[in-house]
Each structure stands twice: as C-alpha cells, then as structure tokens.
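Here is a short briefing on a protein structure. Look through the sequence and the model first, then work through the points below.

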Amino acid sequence: MSENNELPAVRAENSLRLDLVTAFRRNRMATAGLAIVSLLVVGAVLAPWLSPYDPYAIDLSNKTLAPSASHWLGTDELGRDLLTRLIYGARISLMIGIVPALIAQIVGTSVGVVSGYCGGALDYLLMRIADVVLAFPSQLLALAIMYTLSGSLMNLFIALSVLGWAQTARVVRSLTLSLRGREFVLAARSIGVRNSVIMLRHILPNCIPTIIVLLTMRIPNYILQEASLSFLGIGAQPPTPSWGLIATKGKEYLFSAPWIGIAPGIFILVTVLGFNFMGDAVRDALDPTLKD
Amino acid sequence: MIKHLLFRMLSTIPILIGVSALVFFLMNVVPGDPIAIMQSNFIDPDALERVRREMHLDDPAPIRYVRFLADAARGELGYSYKLRRPVSGVIAAAFPNTIKLAVSAALVSWIIGIIAGLISAVKPNSFVDNALMGLALTGISMPAFWAALVLQYIFGVVLGLLPVAGFESWRHMILPVTVLGWSEAAMVARLTRSSLLEVMRHDYIRTARSKGLSWSSVIRIHALKNSLLPVVTIMAIQVSTLLSGSIVTESVFGIPGIGRVAVSAINNRDMPLLQGVIMFGTFIVIIGNIVADVLYSTLDPRIKYVRE
C-alpha cells in the first residue's frame, strides 16, 4: 500500500519531462515556436555583437532614412538604427514576459497552496483579496498602478506581478483542495509529517504541470501588455528601446516613415506567436482541461 | 432564479467595496499634491491652504474614502482637476462612444468567430481548419495598436479609402471596429471550434447520425446549440477585454470614449477622473459577469445554482 501512495508524486515528476519532450517532438508548431524564442534569446544576449550601431546614439543628419543596405530597417526620428533598437528591445520584452510572470506564479502558487491547505479564516481572507483583484479589467488596474508609481519599466514589472497572482492562486487553491483529501496526503498526515512538508513535498509537485501551463499562457500576454502600456506612454519611457514605445513614435511618422511603426509590431507579433505555439503544445500535453 | 440573481447581486457588494478601497488608497498614496498641479502657476500658500480645505484634502485618507463611498453611492464621483467638470458628466459624455464601438466590435466578432469556428470544426485538421486557426492565433498574438497602425497605413495613407481618426460617421467606425473585434473574433473562433469538437464526441450525436440525419442537420439541430454554451460564458470575459481594448483603440483612432479619457487622465495627473473611470469600468465588468452568469443558467437547464 505504501508504495501505491508514493506513486502520484513520483510519476508526476517523471512523466512531466516526458510529456513535454513528446509534445515538442510531435508538434511542428511547438518546434517552430521554440526556434523563434531561441533565436530571440540569442539576439537579446548577443545584441552588442550583432549590430555595428549604438541603440541610443542620436544622429540627426540620418533621421527617418528608408530601409537600405546599411540600415536594414531604416532609421527612426532621431537617426538611430531601427533594427538595432528592435534587437535591444528583445531584451526588454523577454524580461517583461518572464520575470513578472514568474513572480506572479510564485506568489500565486504560495497563496493558493496555503489557502487551499489551511482553509478557514485565512483561506476566506486570501480568496476575497483575490476576488477583488480578479474583478478588475486587468488593463484598468494596470493604469491605476502605473498612475501611482509613474511610468517606468521597473514599475511595469511591479504592476504586472501584482496583477497576475490572483488567477494562479484561484486555480492552485482548487487543485490543492482536491489533493488535500487524497490518500497520499492522509497517509503523510497520519504518520506525522509536518504541514509545511506536506505542502512542499506532496501538494506542490502535483500542481506543477498546471502552474507551467498557466505560465506559458501568461508570458505572451505580458509581452503584449507591456507593449500596449508603453505604446500609450505609461510604460517604458524614452529612450528605452521598448517595442511598444518605438511604435508610438511610428504613429507620428505614419505618413513619412511608416517602417518605424510597422517593424516593431512584426517583432511583437512573431515573438508572441512563438510563445503561443509553445504554450498550446505544453497545454495540450500537460493539462487539456485548461483550454480557453 | 430571482433569488439566485438577488444573491449574486448582493454578493458583489463586498467586491465593489474592496475594489473601490484598493483604487482609492492606490491613488491617494501618490506623492505630488493635486492642488499644486491644479494651480501650477499660482503659488499663494494661503489660497492653496483654502482650496485644500474646500476640497477636504486636509482630512485623513480613511475619512476621505468614506466620503468618497457615500458620494459614489449617489452617483457623484468627484470633480475633475483638469477639466473642471464633474467626473460623472465626463463619463456620461464619453461612455456612449465606447458602447457604440464595443457593441459593434462584439457583434462583428461573434458573427465571424462562430462561423469560422464552425467551419473549422466540421473538418478538423483540414487545410481550411489549419488556415483559420492559424489566422485566429495570429489575431490573439497581434498587438491591437499595431493592427491599428497597419490598417491606418493601408486604408488611410496608401489607398486613401478611409479616415484614420475621428468618430463622426460609419466610415470612421470601420477601422476601429476591425481592430477591436479582431482578437475577440479569434477568441470566439477558437472556443467555438474546441467546444463543437467536444460536443461531437457525445453519444446523442452518434444516435442522430445513425438514424440517418445528414451532418449538416446534426450540427444545426443537435450540436451547435450545446456547443455555444461555453461561448456564452466568455461574454463576461469579453466585456472586460473589450473595455481594456478600447483604451488602446480609442487612443490610436482619437475616439472620445472612456478609454481615451482614462489615458488623458493619467497624462494630466487627474486623479478624480482616473479614479472615476476605473470604478465605473470595473462596475460595468461586474455587471457583465452577472449577466453572463444568469444567461448561462437560463440557456443550460442542467445548471442549478446551489449556495456555496
């Protein structure tokens, strides 16, 4: 019997890696997504070596040049090479996609597991706070936070982390509730395992596939949110080479230099598509119930 | 049913209080005196002090919050620093434009999304299915502001067919509705497809098929209605995403709706106005949630609500 009770946690860990590998092998789109994202990571890391230009150096004699051999995507309104700025922008988009998403996931998971496992007044309080956060249209709450903190990339990190935890907490809590009554948890409790150990060693590993799925859905979402907020002028501030911010300038030069507005959008679209391709495959492999 | 509705409505009151408290304290901890911003070229300390007293800004935050709640319950959301008009008036003037935009976008997205999802689900993994779902995924992955810029460039600059900004005639609405409706349509299409495929696996579909009904009548009579149930639930989410989306769309196209009011309120540091818009927007979303909830239980008799 005791061996049986060990099974779920052990199997979850082994099959997780297996599921992910087969998902990527079977799904061509997932492979394409992985390729796009890898390319982006390489570009972001090697940015200074990939381009001969400085993303910040202003050169007014070369402003709004059309795409050419020396400036593949042309130059912006201050004479900076657009492609260079977009490559540096990949650093920002990747960071904004991954760091706040991870923070939101960690906070949400902790709240969800504790809330679901401990129950009682603590559970009630935490879930009412989550309800309040979830009641907001996310963009509006982001506006409120950015108003208070004022626009900057760092503050955007904070705003997006604050927004995301509630959904994860809700999902993880309901998972924890169903796991709490299972035999392996009862067995652990009956031999006197401490609650903190049960939460960490028995409940948490079983939530991991779902947490990964939520994470993969959140990353592209955050990249889009950063771009939109920066586009509106309440995210990253000049001269940060954020894709959304570059597109804002493009709006002003739509008639004379349309490439400034159009090129950053293509970078965003391809990046988000890449993450979505991977996310779809991961979700199908790990937790098809979370579909839409 | 009515009992459930009442219960749902009452249960949103604590949420509304929580939401308003969060927004109020978030906005009122901000450094930077609104009076100093309002009177930037007029710095007479006595007058400043008087205005501050008149606007009750010298009271502690909890007292101002309670006063704000009492006013909000009567529909008074305060007074815009920048526009020097009541916030409720500004919202009342802007909201019809947002509604017009959002409802048109929702209708378009529903028609296109459901039809696309249906076509996709009839022959899953066919070329048409892959093409449509690829298009839908692109729709979800595309930043709305960029779609707006590209459409403005193609139809406004290159072809010169449509106006790129303003909100005067139906021709002004084509581009913004497309931008706002595009990602919604993509969402509806993906959901319709997966839901229809799920329904098609059920036994009663096989029964209907085996009694000789054609595929088209099976889908029309038996499958479609059931598969649209989950699609209805995302209506609630749509109220929220349309409202969020209208912020960007209205800003790009220069539409005088509440999304643009919110952005200009931020840029002007107009706290009461931003606070009012956020409260109002959240209120609308909560109402949308209740409506979707009620609609769902009306459409699906299997769902009976039990008190948690």
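By class, how many nonpolar, polar and charged residues does the lining of the largest cavity have? The lining has six nonpolar residues, three polar ones and no charged ones. Keep in mind that this is a predicted model.

**The cavity**

- The structure holds one cavity of 30 Å³ or more.
- The volume of the largest cavity is about 40 Å³.
- Chain A gives A:Leu140 to the lining of this cavity.
- From chain B, the lining takes B:Leu243, B:Ser246, B:Ile247, B:Ile258, B:Gly259, B:Ala262, B:Val277 and B:Gly281.
- Helix 10 (215–253), helix 11 (258–267) and helix 12 (271–299) of chain B are the elements that give two or more residues to this lining.

**Where the chains meet**

- Chain A brings 40 residues to the contact, and chain B brings 45 residues.
- The size of an interface is often given as the accessible area lost when the parts come together.
- Here the area buried between chain A and chain B is about 3,900 Å².
- Carbon and sulfur atoms give 79% of that area.
- Three residues, A:Leu140, A:Tyr147 and A:Leu232, supply 19% of the area that chain A buries against chain B.

**Polar links across the interface**

- Four residue pairs are in polar contact across the interface of chain A and chain B, with both residues at pLDDT 80 or more.
- The count of salt bridges between chain A and chain B is one.
- B:Arg190 and A:Asp280 meet through their side chains in a salt bridge, at 3.5 Å from N to O.
- On chain A, the side that touches chain B draws at least two residues from each of helix 4 (120–135), helix 5 (138–149), helix 8 (195–231), helix 9 (243–252) and helix 10 (259–286).
- Helix 10 of chain A gives the largest share of that side, with 12 residues.
- By class, that side of chain A has 26 nonpolar, eight polar and six charged residues.

**Salt bridges over all chains**

- Over all chains, the structure holds 10 salt bridges.
- One of them joins the side chains of A:Arg173 and A:Asp123, at 2.7 Å from N to O.
- A:Arg173 lies in helix 6 (residues 153–180) of chain A and A:Asp123 lies in helix 4 of chain A, so this pair ties together parts that are 50 residues apart in sequence.

**The build of chain A**

- Chain A has 10 helices and zero strands.
- Its pattern along the sequence reads α-α-α-α-α-α-α-α-α-α.
- The C-alpha trace of chain A spans about 75 × 45 × 30 Å along its principal axes.

**Two backbone details**

- Most residues other than glycine have a negative phi, and most peptide bonds are trans.
- A cis peptide bond joins A:Pro238 and A:Pro239, with omega about 5°.
- A:Pro239 sits in the loop between helix 8 and helix 9 of chain A.
- B:Asn125 is a residue other than glycine with a positive phi, near 65°.
- B:Asn125 sits in the loop between helix 5 (87–122) and helix 6 (127–141) of chain B.

Methods:
Residues are numbered from 1 along each chain as its sequence is written. Chains are lettered from A and ligands numbered from 1 in the order in which they are written. This is a predicted model: local features need pLDDT of at least 70, side-chain atom pairs count only at pLDDT 80 or more; totals for chains, interfaces and linings use all residues. Side-chain values use heavy atoms; hydrogens and water are left out. On a 1 Å grid over the protein atoms alone, a cavity is a set of points where a 1.4 Å probe fits but cannot get out, and a pocket is an open set with protein on both sides within 12 Å along at least five of seven lines; lining residues have an atom within 4 Å of a point. Grid points are joined across faces, edges and corners, and a volume is the space filled by probe spheres set on the points. Helices (H or I, at least four residues) and strands (E, at least two) are DSSP runs, numbered from the N terminus. Ala, Val, Leu, Ile, Met, Phe, Trp, Tyr, Cys and Pro count as nonpolar, Asp, Glu, Lys and Arg as charged, and the others, Gly among them, as polar. Contact means heavy atoms within 4.5 Å. Buried area is the accessible area (1.4 Å probe) that two parts lose on being put together, summed over both. A salt bridge is a side-chain nitrogen of Lys or Arg within 4 Å of a carboxyl oxygen of Asp or Glu. A polar contact is a pair of N or O atoms within 3.5 Å; within protein, one must be able to donate a hydrogen and the other to accept it, and residues adjacent in sequence count only if both atoms are side-chain atoms.
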